[in-house]
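Let's take a look at some salt bridges and a helix pair. Here is the structure to follow along with.

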Amino acid sequence: MKRGISVLTIAALIIVMALTGCGQKQETQQGAGNQPAAGEQKGKGFKIAMVTDVGGVNDKSFNQSAWEGLQQLKKETGAEVKYLQSKADAEYVPNLNQFVKENYNLTWGIGYLMGDAIKAVAEQNKDAKLAIIDNVVQAPNVASITFAENEGSFLVGVVAGMMTKTNKIGFVGGNEIPVIKRFELGFKQGVAAVNPNAQVTINYTGSFDKPDLGKAAAATIYNAGADIIFHASGGTGNGVFNEAKDRLKAGQKVWVIGVDKDQSLEFGDDVTLTSMMKGVHEAVFQLSQQLINGEFPGGKVTVLGLKENAVGLPEKNKNVPEDVLKKVQEYKDKIVKGEIKVETVQ
């Protein structure tokens with residue numbers, strides 16, 4: 001039974017869609033990794049870059065996933081890749097403009113918060129090619145990729161609803177913006193579908209880069225009796241994991257549901273129940289490869305959800321029993337078939 005994200009499906013979907021249709025930079029990094037093997041130099045001479053939002057490239061979440069996608073691109077095609085890390089909103093436009101002025105073939109803005117900056121830079125540089133994750137920018141020289149986070153979050157809500165022992169569950173968000181609201185709404189709906197008696201406490205920290213706020217939010221929710229917290233808060237969520245680990249050391253068993261990546265690989269199986277994964281890595285890799293192939297989908301919007309296996313649980317879920325995974329698959333099938341409509345926000 002398939003339970004994880006299929007990168008091949010994401011790749012196929014993006015390719016099909018393409019064929020049819022005054023801040024100071026804080027940190028810069030060139031792509032590392034092995035040199036591409038002989039015969040894999042199709043991207044040589046191409047320059048592709050990304051600008052992070054305030055979460056930073058080491059957020060253990062979507063910025064990091066995007067950078068890993070570009071590192072894979074360098075390894076497989078020989079393209080030059082680079083990033084600039086933003087420390088504040090005011091740096092988005094200057095960072096994007098730096099790559100545009102340096103004649104990069106494609107510049108990514110990573111995260112919903114980059115939307116206005118991508119729009120401004122695209123309008124001022126109509127010959128430049130840009131792309132964005134988690135937002136839609138209507139411009140002929142911008143490719144937009146969004147995900148149906150509500151659908152994948154419904155499934156981890158099923159896990160939380162079935163596995164809570166206290167009937168108290170938490171959700172920690174970063175900024176209260178549409179992309180994070182989709183996580184919240186889907187999660188609550190999934191919990192309610194299998195456990196209508198469970199209570200879900202919501203806490204928005206207002207930040208994607210403040211682990212201390214995440215730790216404080218988690219402490220408040222755990223203190224109120226919750227035994228599972230789902231976070232969708234980028235680097236702020238690192239603090240949620242830290243709080244869970246501290247409690248485990250003190251003899252209290254609590255769980256965290258990770259986001260964007262399989263966060264058990266970073267924070268361990270002892271506190272990570274599962275994760276709601278998004279195929280950011282593969283989406284960035286594939287669309288960048290399309291550019292190299294002369295198939296840049298400028299002006300198009302790609303939406304990836306359960307049908308495309310672009311969101312959902314990891315392939316391996318050590319802490320989730322087989323009966324719960326079977327129930328997750330049942331709900332996934334119903335959502336894909338349209339039998340269940342998952343609440344969302346635009």
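## Lys-60 and its partner

Start with Lys-60: at 23% relative accessibility, Lys-60 counts as partly exposed (buried means under 20% relative accessible area, exposed over 50%, partly exposed in between, with a 1.4 Å probe and protein chains only). The Lys-60 side chain meets that of Glu-266 in a salt bridge, 3.5 Å from N to O (a salt bridge is a side-chain nitrogen of Lys or Arg within 4 Å of a carboxyl oxygen of Asp or Glu). Glu-266 is partly exposed too, at 44%.

## About the model

This is a predicted model, where local features need pLDDT of at least 70 and side-chain atom pairs count only at pLDDT 80 or more, while totals for chains, interfaces and linings use all residues. Residues are numbered from 1 along each chain as its sequence is written, and side-chain values use heavy atoms, leaving out hydrogens and water.

## Lys-215 and Glu-243

Another salt bridge joins Lys-215 to Glu-243, with the closest N and O atoms 2.6 Å apart. This pair links distant parts of the chain, 28 residues apart: Lys-215 sits in helix 7 and Glu-243 in helix 8 (helices are DSSP runs of H or I, at least four residues, numbered from the N terminus). Lys-215 is partly exposed at 27%, whereas Glu-243 is buried at 8%.

## The wider picture

How many salt bridges does a search of the whole structure find? It finds 15. Asp-134, Glu-149, Arg-182 and Lys-278 are linked in a network of them.

Technical notes: Helices (H or I, at least four residues) and strands (E, at least two) are DSSP runs, numbered from the N terminus.
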